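I opened this notebook to keep track of what I looked up, going from single residues to the packing around them.

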Amino acid sequence: MSEAELPYRYAVEVVGLLASPRHRCDGRPDGAVAALPVERRDRIEVRAGLGVVGDRYAGRPAHRDASVTVLAVEALEQLAAELGSGPLDPLAPRRNVVLRGAEVEALRGEPFSLDCGAGEVLLAGGRPANPCAWMDTVLAPGAHRGLRGRGGVRCAPRSDGVLRLGTAVLRSAVPLDPARAGDPVRPALRPR
């Protein structure tokens, strides 16, 4: 996308990357499964229309418009403060990309890009990545409810590329407020 289509630039940090070959949070939450190590990566490859190479959702037709998930680490930090739980593992919610310094929830329905130095990866922000009941097991009691409205965004990959841990540039079609990165977005009330 051109500079005109993505005019807003932000310095961000990629603090977590995940590519999981299997869906391990199926069924009812289980403490033994939750204790397994998270599939952390230093880099991930993204393929347009398919998703993250090696991830359980890559290439699956039902997930093509939602195959890459992005989360703001500030949402977890704010949640930890609210719950009094101490630090939370930024990859425990099982999002592919965890950023610091980006108001991720504002990217719902918006195009944006991430450049970690190897070229831009274009993403189309889609629907919310709603938390599930597993959050109470893998993060802390109360995390399922506490992450509502700030569990991240499901995205469709629009270009091939590589994302790496460390500094990055996020370009977006809409202005973002990094100070609001951890704030929940609540759905509008329906008129009666």
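This is a predicted model: local features need pLDDT of at least 70, side-chain atom pairs count only at pLDDT 80 or more; totals for chains, interfaces and linings use all residues.

Residues are numbered from 1 along each chain as its sequence is written, and side-chain values use heavy atoms, with hydrogens and water left out.

**Entry on salt bridges.** I took a salt bridge to be a side-chain nitrogen of Lys or Arg within 4 Å of a carboxyl oxygen of Asp or Glu, and I found nine of them in the structure. One joins Arg40 to Asp89, with the closest N and O atoms 2.5 Å apart. Arg40 sits in the loop between helix H1 (31–34) and E2, and Asp89 in the loop between H2 and E5, so this pair ties together parts that are 49 residues apart in sequence. Helices (H or I, at least four residues) and strands (E, at least two) are DSSP runs, numbered from the N terminus.

I then looked up Glu45, which is partly exposed at 26% relative accessible area and meets Arg47 in a salt bridge of 2.6 Å, N to O. Arg108 and Glu105 form another, at 2.8 Å, N to O; here Arg108 is partly exposed, at 25%, whereas Glu105 is buried, at 7%. Bridges that share partners link Arg43, Glu45 and Arg47 into one network.

**Entry on the cores.** A nonpolar core is a set of buried Ala, Val, Leu, Ile, Met, Phe, Trp, Tyr and Cys residues joined through side-chain atoms within 4.5 Å. The largest has 29 residues, of which Val97, Leu99, Leu114, Leu163 and Leu170 touch the most other members. E1 contributes the most to this core, with four residues. Apart from it I noted another core, of 13 residues, with Trp134 and Met135 among them.

**Entry on helix H2.** Which residues of helix H2 (residues 73–83) are buried? I listed Val73, Glu74, Ala75, Leu76, Leu79 and Ala80. Counting contact as heavy atoms within 4.5 Å, I saw that these buried residues pack against strand E1 (8–17), strand E4 (68–72), strand E5 (97–100) and helix H4 (143–146). After H2 comes Gly84, whose phi is positive, near 65°.

Methods: Buried means under 20% relative accessible area, exposed over 50%, partly exposed in between (1.4 Å probe, protein chains only).
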